[in-house]
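Subject: Structure handover

Hi,

Here is the structure we talked about. Please look it over; my notes follow below.

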Amino acid sequence: MRIYVVLLASLCTLQRLKAEETRLLDLEPNDAQNLIEQQDQTLKYAPKIESDAPAVRFLGSEPHNVLEDIYLAKQYHGQDGVGGYLYGYQVPDIAKNEQKKPSGDLKGAYNYINGAGQEIKVEYWDDGTGFHQNDNVAEILPQDSPEVKAVKDEFLKRWAEEAERNTHPVETPYNSEGQYASGPLSVQGQKERAQFFATLPPQPRYIQPQPQPQPQYRASVTQKSSSSNHAQYQAAASVPHEATVQLRNPSPVVRSSTPESQDDGSYVADEEGKYVPGKDEEPTGPPKGFFYAFDYPVGIITKDQGRALPVGGDSNLKNVYEQNKQRFERQLNQGQASGSSQYLIH
């Protein structure tokens, strides 16, 4: 019977540890996806697990004895290695969750308590048609000041006048002789302008240079022998001398069956065109996923009971905390945890 009780206690402890922290690495994509889909994605705030817990916290630059509400916060994150992921967290006043499928579809939501005590709820998603959002935030339209309103009214008035003017056809500015009937220059003014330019001396004309004939080359190729690995090229030009250039045949390219990275950082792909890591690189291997989740306490101060005792001797902050905790637990067992003033304070 005693062994049974020990085994049962051990099993409960293991389950509790598993619930508090989970770390899974090198998961197959299908296993990671199944694990992600099994997660509870309901938005929940971190639950309160203990009230009025004594603690010593620095408020400003001085340590204070305080009472805290303790919440069990949570955080989780998983990826399947092929583009999908899930992450979220739960704290006392914020909860968020977001998931993306390997196909690219995304959905998420978050709730939080604003400064006025109102709970804001937001849902968003992207299904390939753009980003969408639903929320309970009231739309607040901006109000123009009198100065801004006056400028807007003046602009709209001018806009209406210009629009009205543009609705009428525009008369041609030229007369029957192709001259301005009215405008910057009258008919007489246009004649005087033409007479003025006629009295100016002629301007030098730019003559574009003609392209010079290029020398023509003729080339002949003579093969010395059928077994030779090079050809002799002879070029003749209009210049009085001749030049002979010998070019060796390039060596044939031999492809290695084992691709290796080049000195310049490039690489030779294998037969299927896939990247092969170099000598100093580790192979990536097939895609792998992971998932982790853990809980952690978050304390929110509910009451400041004054500055803690100075540091030194029995007044060490660690000792103050331990003594306050013992007093709290003793009062809790006696049913007198609330309203106590027996903590180490000035």
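A residue counts as buried under 20% relative accessible area, exposed over 50%, and partly exposed in between (1.4 Å probe, protein chains only). The model is predicted, so local features need pLDDT of at least 70 and side-chain atom pairs count only at pLDDT 80 or more, while totals for chains, interfaces and linings use all residues. Residues are numbered from 1 along each chain as its sequence is written, and side-chain values use heavy atoms, with hydrogens and water left out.

Salt bridges come first. The term means a side-chain nitrogen of Lys or Arg within 4 Å of a carboxyl oxygen of Asp or Glu. Side chains of opposite charge can pair when their charged atoms come close. The whole structure has 10 salt bridges.

One of them joins K48 and D69, at 3.5 Å from N to O. K48 sits in strand β2 (residues 48-59) and D69 in strand β3 (residues 62-79), so this pair ties together parts that are 21 residues apart in sequence. Helices (H or I, at least four residues) and strands (E, at least two) are DSSP runs, numbered from the N terminus. D69 is buried at 11% relative accessible area. K48 is partly exposed at 45%.

Now helix α3. K149 and D153 form a salt bridge, with their closest N and O atoms 3.2 Å apart. They are 4 residues apart in the helix, which means a separation of about one helical turn. Both ends are partly exposed: K149 has 48% relative accessibility, and D153 has 38%.

Further along, E162 and R165 meet in a salt bridge at 3.0 Å, N to O. Here the spacing is 3 residues, again about one helical turn. R165 is exposed at 52%, whereas E162 is partly exposed at 26%. R158 joins these two in a network of salt bridges.

There is also a nonpolar surface patch. F155, L156 and W159 make it up, with about 390 Å² of accessible area together. Patches take residues with over 30% relative accessible area and no salt bridge; like charges are joined within 9 Å, nonpolar side chains (Val, Leu, Ile, Met, Phe, Trp, Tyr) within 5 Å. Areas come from the Shrake-Rupley method with a 1.4 Å probe, and for residues only the protein chains shown count as cover. W159 belongs to helix α3 (residues 146-166) and is exposed at 58%.

Last, a hairpin. Strands β7 (residues 119-126) and β8 (residues 131-135) pair antiparallel over 5 bridges. Pairing requires at least two DSSP bridges between the strands. E123 stands opposite N134 in β8. The hairpin has 4 residues between its strands, and G128 takes a positive phi near 100 degrees.

Best wishes
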